[in-house]
Amino acid sequence: MATAGKVIKCRAAVAWEAGKPLVVQEVEVAPPQAMEVRLKILYTSLCHTDVYFWEAKGQTPVFPRILGHEAAGIVESVGEGVTELAPGDHVLPVFTGECKECAHCKSEESNMCELLRINPDRKVMIGDGQSRFSVNGQPIYHFLGTSTFSEYTVVHSGCVAKINPEAPLDKVCVLSCGFCTGFGATVNVAKPKKGSTVAIFGLGAVGLSAAEGARVAGASRIIGVDLNSNRFETAKKFGCTEFVNPLEHTKPVQEVLAEMTNGGVDRAVECTGNINAMIQALESVHDGWGVAVLVGVPHKDAEFKTHPIHFLNEKTLKGTFYGHYKPRTDLPVVVEQYLKGELELEKFITHSVSFSEINKAFDLMLAGEGLRCIIRMDE
């Protein structure tokens, strides 16, 4: 390709300081080095994780930085040693990877690649410790190995899933983070049986994806638990049949759920990151067979405290990472499920803005409006 090996000048939305609007400006994107690919991003969406690191309240601030990690695009060029991807391939970049060679990748039981698993602190490429982005010679840092708020980005080839070119990129872009995290937590980890009862704690985008998983699995009752009753109407579209707002009850929510379900739910999926909700999720499942799955990321100092009798009574507590999907192996399969009509992604996409209006997407999320806002990179 004409651009292979050359620096590309393009637009990117740069976060220069914590909590300040992103600046859409020209950046230089270096060519991909060994085992890297340069992607042309066509659609990206805003996830709460982007906002969290942009606000930089809970971790070491890293600026200037190009955020973004939920996206879809096309391979522009490939670096040395890349054999499984070629220019023109339709792809989803993912914040975690699959090298296919480490003990985790070779195990059917794990998706936590030793080389490429998520690392929020890493701000440069893994190969040479350098950034591929710059403005007037000043390096601009990477985010989650993806940095999709740029018309072109450089990603390790192990963090890129090649998908069916028939798939609409403006829809399947949501698969690269939030949807798979919630949906997979239910279908791959909780594994509810047909006709079972599932409680979903937290009805944001990830929780609704978990509810969608319960719907697809054939659960007969899907009980949404959230402190915001305004979310209940939307959640019905994702299969929720009943709702509990803990603020409207004097009893602990686990007791409310036990009364509603004759002793407890069959499965609980926790998508808030609140340590109390995590404990409630375990304590709300039925003894003998109940399984609770933790998805939300807790505060770094949080501790899980419960009575061991829950475990002795044959309740199971599990955690999951990225819905237990291996990105390169499994994402193409999820895309096929969508193309066959087995999954509905459209209902997750509530807003759409042009790239020049990217800050509007942040405003919407901060106001708690909608689920996913698609950012159209070519406008």
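User: Which residue of β12 is the bridge partner of Val225?

Analyst: The partner of Val225 is Val244 in β12. This is a predicted model, in which local features need pLDDT of at least 70, side-chain atom pairs count only at pLDDT 80 or more, and totals for chains, interfaces and linings use all residues. Residues are numbered from 1 along each chain as its sequence is written, and side-chain values use heavy atoms, with hydrogens and water left out.

User: How many bridges join β11 to β12?

Analyst: Two strands pair if DSSP finds at least two bridges between them. Strands themselves are DSSP runs of E with at least two residues, helices are runs of H or I with at least four, and both are numbered from the N terminus. Here 3 bridges join β11 to β12 (residues 242-244), and the two strands run parallel. Between them the chain passes through helix α6 (residues 231-236), in a right-handed β-α-β crossover.

User: What does right-handed refer to in a crossover?

Analyst: Point the strands away from the viewer: the crossover is right-handed if the path from the first strand over the helix to the second runs clockwise. A right-handed β-α-β unit is also made by β10, helix α5 (residues 205-217) and β11. Strand β10 (residues 197-201) runs parallel to β11, joined to it by 5 bridges.

User: Why is β11 described as largely enclosed?

Analyst: Buried means under 20% relative accessible area, exposed means over 50%, and partly exposed lies in between (1.4 Å probe, protein chains only). In β11 (residues 221-225), 4 of the 5 residues are buried, so the strand is largely enclosed by the rest of the structure.

User: Which residues does UniProt list for the domain "Alcohol dehydrogenase-like C-terminal"?

Analyst: The unreviewed UniProt entry lists residues 205-332 for that domain. UniProt positions are given in the numbering used here, feature names are shortened, and annotations may be inferred rather than shown by experiment. Over this range the chain is 37% helix and 16% strand, with the end C-alpha atoms 21 Å apart.

User: Where is Tyr322, and is the residue buried or exposed?

Analyst: Tyr322 sits in the loop between β15 (316-319) and α10 (327-339). Tyr322 has a relative accessible area of 2%, so this residue is buried. Contact means heavy atoms within 4.5 Å. Leaving out residues up to four places away in sequence, Tyr322 touches residues including Val94, Phe95, Asn111, Cys177, Cys180 and Leu331. The C-alpha atoms of Tyr322 and Gly184 are separated by 7.3 Å, although the two residues are 138 apart along the chain.

User: What does Cys105 touch, not counting residues up to four places away in sequence?

Analyst: Cys105 touches Glu98, Cys99, Lys100, Cys113 and Lys326. Cys105 is in helix α2 (residues 103-106) and counts as buried because its relative accessibility is 14%. From the C-alpha atom of Cys105 to that of Leu115, 10 residues away along the chain, the separation is 9.7 Å.

User: What backbone feature does Lys100 show?

Analyst: Most residues other than glycine have a negative phi, and most peptide bonds are trans. Lys100, which is not a glycine, has a positive phi of about 70°. Lys100 lies in the loop between β5 (90-93) and α2, and is partly exposed because its relative accessible area is 36%. Leu144 also has a positive phi, near 50°. Leu144 lies in the loop between β7 (138-140) and β8 (152-156) and, at 5% relative accessibility, counts as buried.

User: Which peptide bond is cis, with omega near -10°?

Analyst: The bond from Phe63 to Pro64 is cis. Pro64 lies in the loop between α1 (48-55) and β4 (70-78).

User: How many helices and strands are there in the protein, and what is its radius of gyration?

Analyst: The protein has 11 helices and 17 strands. The radius of gyration is taken over C-alpha atoms, and the globule rule is 2.2 Å times the number of residues to the power 0.38. For 379 residues the rule gives a value near 21 Å for a compact globule, and the protein has 21 Å, which agrees. Of its 379 residues, 53% count as buried. Among contacts between residues at least 6 apart in sequence, 69% join residues at least 24 apart.
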